[in-house]
2 protein chains.
Amino acid sequence: MPTIVQKFGGTSVSTPERIMRCAHRVLEARRAGNRVAVVVSAMGHTTDELIDLAAKVTPNPSPREMDMLMATGEQVSVALMSMALHSLGCDAVSLTGGQAGIDTDAAYRKARIARIDHERLERILGASGVPVVCGFQGVAPNGDITTLGRGGSDTTAVALAAALDVAADGGTCEIYTDVDGVYTADPRLVPSAAKLRHISYEEMLELASVGAAVMHPRAVLFGEKFGVPIHVRHSQKPDLGTLIVPEEQIMEDIVVVGCALKPDLGRVSLKGLPRGAGIQAQIFEPIAAANISVDDIVQTEFGDATTIAFTVEHGDIADVKSVCQELLGRLGRGEIDVEVGLAKISAVGTGMKSHAGVASRMFRALAEAGVPIHNITTSEIKISAIVDRQHGERGLQAVHDAFGLAAGEAVTAAMQSSGRGRR
Amino acid sequence: MPTIVQKFGGTSVSTPERIMRCAHRVLEARRAGNRVAVVVSAMGHTTDELIDLAAKVTPNPSPREMDMLMATGEQVSVALMSMALHSLGCDAVSLTGGQAGIDTDAAYRKARIARIDHERLERILGASGVPVVCGFQGVAPNGDITTLGRGGSDTTAVALAAALDVAADGGTCEIYTDVDGVYTADPRLVPSAAKLRHISYEEMLELASVGAAVMHPRAVLFGEKFGVPIHVRHSQKPDLGTLIVPEEQIMEDIVVVGCALKPDLGRVSLKGLPRGAGIQAQIFEPIAAANISVDDIVQTEFGDATTIAFTVEHGDIADVKSVCQELLGRLGRGEIDVEVGLAKISAVGTGMKSHAGVASRMFRALAEAGVPIHNITTSEIKISAIVDRQHGERGLQAVHDAFGLAAGEAVTAAMQSSGRGRR
């Protein structure tokens, strides 16, 4: 009998009525002949409310106590979800992370799952029950409650699905959320965007890194590592969503599966730096220490001077400037230049690995749309172009059109290989 | 170094500001040279809000899931209290009931403490830390979260104080509440009522049973069993409150320590019942099964018929009537008579055990105040009179005056023994 892990996010369980609707989802999956385990997040804005409460007590709460506090949000949800299932005649058992056997390290607020002892889960499932597990939390070696940090509830669900080896019997990990799947582009920006039936872990990761916020990359990585099929679905709609699976399970060889826009980027250029080893580390170590993500690093040399430029999100520019100014002061040379109002358009697809002409097709599309490109970066399965913010949506639409991503139009490998030179 | 267990109730921790004030209380006790462990209840109306939330999901939630839900209230409080203590430079560690080593039976919603493994508490106290423990909860043998039912947080505090053997080093269990101690009568009814410096466990229990709602009897019984001195104090006032201690520790031999009024009672009389064994069980077993407390049972016999009368609270009269009518129907004889608008005035004191004239002094006081007595019941250390509801406050004041309970006037054993015949 297949086992399905169903994860319901905060929006899906924000009211008693919505919790009841999720409970019906569980029953449907059971009636369809599956064993079901459930993972839930905290209701709606509970997490934010708890953070506010802590802030009223102290501006600087200890991570251990924050975890003790935050873990209550999911605990409320599992109790209510179990009650809802009971009221539908289903034998549910709520479990905290610790009770579900989720052992973590002791890194409060960003704990990593070390081990899942799934004996109690198996016992409940074996007795035709539904374990209802708190997402986002576990227990440290000393018995303290820990939370998993961002993307935690998705990670819990995928980790439980891995521990229960759902793939072995044709099961999946279903992530219920407020979108109905992964699209070829954000449908709010590209109205013709199509829902993908399948996407590979790698593609999902690259799409997430360039702005598609459907699932946290951490949970996708976990799924990839343990081969857990992840089904992203809408919690209030019955339609099938998008299945995230190993690349080799996707029969149809699509070259580009999706594209994304990351708006509101700024570009920081450090000019007149000394040449020589170590300058990069001196720049990026303090930026990383300040927890700022940088991207699209470009280095150019002219005479005895080096220029290093990179993009960051607008919100991080002030922090980056102060870190860099401190460095230039120490070096006694160089200047800083900041450009704002940029955006990044990316196209993602594992088909790029083996098929030519993808980059050139993207560049031609942008050129024909009158979108100048400031910089280009590529990975194995992704091409990104930095453009002016004002051209972002138009460029995204043009790239989406160029790869035929609107429903039923995707450029397959066969079409591509009759194509136009290597990228 | 003495160890003090400080328990803060829901009103005392209802806002971040109040939590901070409680944290200052902890620091004061530490500065005075004590080790301190803290027990907290859920904030303000949290418990009621959680009950409402469950009611919106199902009218009939399972006890296990209710405990999972309710336990979050105290967990929020311990985290915030620990943060407050940290912000004052105090090394606090929050603990759930389970983490604090509180093992209970598996009776969800009304669990009993089976054992306290105080190793972790001792370790934290030994390192000059403050353990901050969730009141009202523990963990069942199977690892499930349980709650202790009514009076649970007080019971947690007294039980921890017993486990830590606070009495051995001159420590106490401090119960912080919204009254500043135990009074000779309810000050809202008797303005001259005086705060007691000491009261015995027995007296406290009898006062609680006749209407003085300062502390739950369950926690007092626990204190009596393990000899834990309990200090009832106001959470927002610095004054000393009332110390509940073993009788033998109270030097001043007060005959009556307090009196109380239980208003809104009704009297149910079952007349024309058959004589013979077993009729009492037939009446009171179904009433007990309906969870109704009865009191002041009087049985009178005339010819071949028996009359059994007893008092119940007004709110229970309808239920009692239907139980009794069902019984009379089965017996095929007898009739039911209900009288409402009654009240009970009680005087309590361990001095009654050894000193005469207490009852007659009370009856004279009521007679002089023009309060007719409908019925009398006594225990070793309590005398109660059933009177008309409308005479309740006046009668209470008269009894309070008769025993000189206003501040500085108490009738001591020495005065009493020059007195007026056995009660």
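1. In this predicted model, A:Lys7 touches A:Val39, A:Gly135, A:Ser153, A:Asp154, A:Ala157, A:Glu174, A:Ile175 and A:Tyr176, leaving aside residues up to four places away in sequence. A:Lys7 belongs to strand 1 of chain A, which covers residues 3–8. Although lysine carries a charged side chain by class, A:Lys7 counts as buried because 29 C-beta neighbours lie inside 10 Å, where 20 or more are required. A:Val132 is 125 residues from A:Lys7 in sequence, and the two C-alpha atoms are 9.6 Å apart in space.

2. A:Lys353 can be read beside that lysine, and is it buried or exposed? With 12 C-beta neighbours inside 10 Å, A:Lys353 counts as exposed, the limit for that class being 12 or fewer. A:Lys353 is found in the loop of chain A that runs between strand 16 (335–348) and helix 10 (358–368). The contacts of A:Lys353, again not counting residues up to four places away in sequence, are A:Glu380 and A:Ile381. Between A:Lys353 and A:Ser200 there are 153 residues in sequence and 13 Å in space, taken from C-alpha to C-alpha.

3. Turning to the chain as a whole, chain A holds twelve helices and 18 strands. The radius of gyration of chain A is 24 Å, close to the 22 Å that the globule rule gives for 423 residues, so chain A is as compact as a globular protein of that length. Along its principal axes, the C-alpha trace of chain A spans about 75 × 55 × 35 Å. Buried residues account for 51% of the 423 residues in chain A. Among the contacts in chain A that link residues at least 6 apart in sequence, 76% join residues at least 24 apart.

4. Chain A is divided into domain 1, residues 3–178, and domain 2, residues 250–423. The C-alpha centres of these two domains of chain A lie 37 Å apart.

5. The largest nonpolar core has 251 residues, and those with the most contacts inside it are A:Met81, A:Leu160, A:Val399, B:Met81, B:Leu160 and B:Val399. A second, separate core has ten residues, including B:Leu270, B:Ile283, B:Ile308 and B:Cys324. As for the surroundings of A:Val399, this residue touches A:Cys259, A:Ile345, A:Ala347, A:Met362, A:Ala365 and A:Leu366, when residues up to four places away in sequence are not counted. In soluble globular proteins, nonpolar side chains tend to be buried together.

6. How many residues does each chain give to the contact between chain A and chain B? The contact takes 27 residues from chain A and 27 residues from chain B. On the side of chain A that touches chain B, the elements that give two or more residues are helix 1 (16–31), helix 2 (46–57) and helix 3 (63–87) of chain A. Helix 3 of chain A gives the most to this side, with 14 residues. By class, the side of chain A that touches chain B is made up of 15 nonpolar, ten polar and two charged residues. The copies meet through the same surface, because 100% of the interface residues of chain A are also interface residues in chain B.

7. Chain A is superposed on chain B by a rotation of 180° with 0.1 Å of shift along its axis, the RMSD being 0.1 Å. The two copies are therefore related as by a two-fold rotation axis. Of the residues of chain A, A:Thr72 comes closest to the rotation axis, with its C-alpha at 2.7 Å.

8. Helix 6 of chain B, residues 201–209, is mostly covered, since eight of its nine residues are buried; the buried ones are B:Tyr201, B:Glu202, B:Glu203, B:Met204, B:Leu205, B:Glu206, B:Leu207 and B:Ala208. After helix 6 of chain B comes B:Gly211, which has a positive phi, near 125°.

9. In helix 7 of chain B, residues 217–226, the buried residues are B:Ala219, B:Val220, B:Phe222, B:Gly223 and B:Glu224. What do these buried residues of helix 7 of chain B pack against? Their partners in chain B are helix 5 (152–163), strand 9 (173–177), helix 6, strand 11 (230–234) and strand 12 (242–245). Just after helix 7 of chain B, B:Gly227 takes a positive phi of about 60°.

Definitions and conventions
Residues are numbered from 1 along each chain as its sequence is written. Chains are lettered from A and ligands numbered from 1 in the order in which they are written. This is a predicted model: local features need pLDDT of at least 70, side-chain atom pairs count only at pLDDT 80 or more; totals for chains, interfaces and linings use all residues. A nonpolar core is a set of buried Ala, Val, Leu, Ile, Met, Phe, Trp, Tyr and Cys residues joined through C-beta atoms within 7 Å. Two residues are in contact if their C-beta atoms, placed from the backbone, lie within 7 Å. Domain bounds come from an automatic or database domain assignment. Helices (H or I, at least four residues) and strands (E, at least two) are DSSP runs, numbered from the N terminus. Copies are superposed by least squares on the C-alpha atoms of residues with pLDDT of at least 70 in both. The radius of gyration is taken over C-alpha atoms; the globule rule is 2.2 Å times the number of residues to the power 0.38.
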